[in-house]
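Here are my notes for your first look at this protein. Keep the sequence and the 3D view open, and check each point as you read.

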Amino acid sequence: MATLPGRQALMVRYLRDWCDSADGQVRVWSDLATRLGPARGQAALKAFEDMVAILLAFGRRPLVRHQANCTCVGSDEAVVALMVSTAATGAEEEAMMIGALLVRADMIRPLVDAAMRLGVNLPENAAAPIGAVNTTKH
């Protein structure tokens, strides 16, 4: 996690928290609202919810995540983070190629659209992700 650029580390943290528990979903919303303000935070949250719903419902296989406090980054997590970061720069075709690794063909466009809506709201050098990290290696 420590080697990821800010926006990518934030995406990994959000993905883990969101999929982990209802409390994690509250942490994601709270962090977005704090970072972006209520209106922009709500728009970013909607884009994030759309993106995760597509990932979970139409993934090529079940999405693999590490535990919420793990310092490692799994391949699925890294691909999602890279897709959001790439989409945020407006590089749609590249983001779609990355998205193709995650979901079936007919869901790539909606996935990337959601990632673009999310990514443009998050600064490239976002502050450290929410939550503590565990130094246990596995």
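**Notes on a helical chain**

1. Start with Leu32. Leu32 sits in helix H2, which covers residues 22–36. The model is a predicted one, so treat every value here as computed. Is Leu32 buried or exposed? Leu32 is buried, because its relative accessible area is 0%, and the cut-off for buried is under 20%.

2. Now look at what surrounds Leu32. Set aside the neighbours within four places in sequence. Leu32 is then in contact with Tyr14, Gly37, Gly41, Ala44, Leu45 and Leu122. Pick out Leu122 in that list. Leu32 and Leu122 are 90 residues apart along the chain, yet their C-alpha atoms are separated by 8.9 Å.

3. Step back to the whole chain. How many helices and strands does the protein chain have? There are six helices and zero strands. Read from the N terminus, the order of elements is α-α-α-α-α-α. The chain has 138 residues, and buried residues make up 46% of them. Consider next the contacts between residues at least 6 apart in sequence. Of these, 68% join residues at least 24 apart.

4. Turn to the helix pairs. Two packed helices are described by the angle between their axes and the distance between the axes. Take H3 and H6 to begin with. H3 covers residues 38–58 and H6 covers residues 108–119. Their axes come within 8 Å and cross at roughly 150 degrees. H3 and H6 are therefore roughly antiparallel to each other, since angles over 145 degrees count that way. Their crossing is left-handed.

5. Which residues make the contact between H3 and H6? From H3 come Ala44, Lys46, Ala47, Phe48, Asp50, Met51, Ile54 and Leu55. From H6 come Pro110, Leu111, Ala114, Ala115, Arg117 and Leu118. By class, this contact has 11 nonpolar, no polar and three charged residues. Ala44 also links back to point 2, where Ala44 is one of the contacts of Leu32.

6. Next, H4 and H5. H4 runs over residues 75–88, and H5 over residues 92–99. Their axes come within 8 Å and cross at roughly 165 degrees. H4 and H5 are therefore roughly antiparallel to each other. H4 passes H5 in a left-handed crossing. On the H4 side, Val79, Leu82, Met83, Thr86 and Ala87 make the contact. On the H5 side, Glu94, Ala95, Ile98 and Gly99 do. These residues divide into six nonpolar, two polar and one charged.

7. H4 also meets H1, which covers residues 6–20. The axes of H1 and H4 come within 8 Å and cross at roughly 130 degrees. How are H1 and H4 oriented to each other? They are therefore oblique. The crossing of H1 and H4 is right-handed. H1 supplies Arg7, Gln8, Met11, Val12, Leu15 and Arg16. H4 supplies Glu77, Val80, Ala81, Leu82, Val84, Ser85 and Ala88. The classes here are eight nonpolar, two polar and three charged residues. Note Leu82: it takes part in the contact with H1 and in the contact with H5.

8. Stay in H4 and find Asp76. This residue carries a charged side chain, and its relative accessibility is 7%, so Asp76 counts as buried. Beyond its neighbours within four places in sequence, Asp76 is in contact with Arg61, Pro62, Leu63, Val64 and Leu102. Asp76 and Leu101 are 25 residues apart in sequence and 8.9 Å apart in space, C-alpha to C-alpha.

9. Where is Pro62? Pro62 is in the loop between H3 and H4. Pro62 is exposed, because its relative accessible area is 68%. The C-alpha atoms of Pro62 and Leu102 are separated by 9.4 Å, and the two residues are 40 apart along the chain.

10. Last, the cysteines. A search of the whole structure finds zero disulfides. Cys70 is in no disulfide, and the nearest cysteine sulfur, that of Cys72, is 3.9 Å away. Cys70 counts as buried, at 6% relative accessibility. Cys72 is partly exposed, with a relative accessible area of 25%.

How values were computed:
Residues numbered from 1 in each chain as written. Predicted model: local features only at pLDDT ≥ 70, side-chain atom pairs only at ≥ 80, totals over all residues. Heavy atoms only, no water. Axes fitted to C-alpha atoms, helices over the stretch in contact; angles between N-to-C directions. Helix = DSSP H or I, 4+ residues; strand = E, 2+ residues; numbered from the N terminus. Parallel < 35°, antiparallel > 145°, perpendicular 65-115°, else oblique. Left-handed = near helix turned anticlockwise from the far one by under 90°. Contact = heavy atoms within 4.5 Å. Disulfide = S-S within 2.5 Å. Buried < 20%, exposed > 50% of the residue type's maximum accessible area, 1.4 Å probe, protein only.
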